[in-house]
Amino acid sequence: MSGFELRKSGIKELLLDTVFPNKCPLCSEAVYWKNYCCDKCFDKGLWIRYDKGDICRCCGHYVCRCYNIERVYDSCYSAGFYSESVREAVLALKYECSTNAAEIFAEMIYRQMLHDGNTDYEFIVPVPMNERKQKKRGYNQAEILAERLSARLGTEIRNDLLIHSYSRSSQHDRTAEERAEFAEKEYYTADNIHINGGKILLCDDVLTTGSTINRCAYLLKEAGAGLVTAAVCAVTL
Ligand SMILES: [Zn+2]
Ligand SMILES: [Zn+2]
């Protein structure tokens with residue numbers, strides 16, 4: 001993947017670079033202010049290529065793990081696997097709101113969509129974060145990814161369809177069963193929503209057990225969505 005057409009052009013970024021030097025979100029190397037990551041990380045075989053191998057388009061693994069699991073979403077695009085430098089970039093997006101990371105993830109997902117001719121969606125829906133947590137963090141990382149994809153696909157973002165209620169415990173410490181159980185209790189649809197059978201692109205940062213994506217896909221389909229395609233920065237190994 002050479003030919004780095006992905007460049008910043010704003011004067012704001014140029015000025016910012018003198019105060020906060022621009023860095024690659026994957027390896028933390030300093031990079032030219034116009035770049036979103038370094039050429040090395042961009043070209044490295046870090047990125048999932050659905051067009052190259054036998055990767056399952058649902059769970060994102062070489063050896064499909066979809067058996068025994070009832071998937072409600074129809075397919076999933078992931079930029080990479082949640083390990084090493086891709087993991088670093090996900091954390092940079094999650095905790096530092098790294099637009100560099102968001103841009104790279106969106107670009108890698110978009111290239112796979114283009115390859116598949118799968119770029120037509122009715123809306124983009126980011127997996128919601130509960131209001132309290134979002135206020136504290138200042139942003140929802142799923143929404144940042146959704147914005148970067150929206151810029152490429154020209155598709156509207158709808159963050160008024162799904163709601164996440166407040167929960168004290170963190171997803172990290174939960175087993176797969178607990179995650180599914182919590183997802184069922186925590187995510188719900190806003191009142192009176194109706195989707196006219198369209199295809200929805202559902203964005204989240206990481207696909208782990210798939211319970212959150214599954215629950216959100218279920219809710220969207222209940223509200224009338226025809227197909228739900230997920231897009232995530234990374235899938236866990
Ligand atoms: Zn790098
Ligand atoms: Zn699979």
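The model is predicted. Helix H3 packs with helix H4 at an angle of about 125°, and helix H7 packs with helix H8 at about 35°.

**Helices H3 and H4**

- Helix H3 spans residues 84-96 and helix H4 spans residues 99-116, and their axes lie 8 Å apart.
- H3 and H4 cross in a left-handed sense.
- On the H3 side the contact is formed by Ala89, Ala92 and Leu93, and on the H4 side by Ala101, Ala102 and Ile104.
- This contact of H3 with H4 consists of six nonpolar residues, with no polar and no charged ones.

**Helices H7 and H8**

- Helix H7 covers residues 176-186 and helix H8 covers residues 211-222, with 8 Å between their axes.
- The crossing of H7 and H8 is right-handed.
- H7 contributes Arg179, Ala180, Ala183 and Glu184 to the contact, and H8 contributes Ser211, Thr212 and Arg215.
- The contact of H7 with H8 contains three charged, two polar and two nonpolar residues.

**Residues with positive phi**

- Most residues other than glycine have a negative phi.
- Glutamate 84 has a positive phi, near 40°, and belongs to helix H3.
- Glutamate 84 has 12 C-beta neighbours inside 10 Å and therefore counts as exposed, the cut-off being 12 or fewer.
- Asparagine 192 has a positive phi near 55° and sits in the loop between strand S4 (187-189) and strand S5 (199-207).
- Asparagine 192 is exposed because 6 other C-beta atoms lie within 10 Å.

Note on methods
Residues are numbered from 1 along each chain as its sequence is written. Chains are lettered from A and ligands numbered from 1 in the order in which they are written. This is a predicted model: local features need pLDDT of at least 70, side-chain atom pairs count only at pLDDT 80 or more; totals for chains, interfaces and linings use all residues. Axes are lines fitted to C-alpha atoms, for helices over the stretch in contact, and angles run from 0 to 180 degrees between N-to-C directions. Helices (H or I, at least four residues) and strands (E, at least two) are DSSP runs, numbered from the N terminus. A crossing is left-handed if the near helix is turned anticlockwise from the far one by less than a right angle, and right-handed if clockwise. Two residues are in contact if their C-beta atoms, placed from the backbone, lie within 7 Å. Ala, Val, Leu, Ile, Met, Phe, Trp, Tyr, Cys and Pro count as nonpolar, Asp, Glu, Lys and Arg as charged, and the others, Gly among them, as polar. A residue is buried if 20 or more other C-beta atoms lie within 10 Å of its own, exposed if 12 or fewer, and partly exposed in between; C-beta atoms are placed from the backbone.
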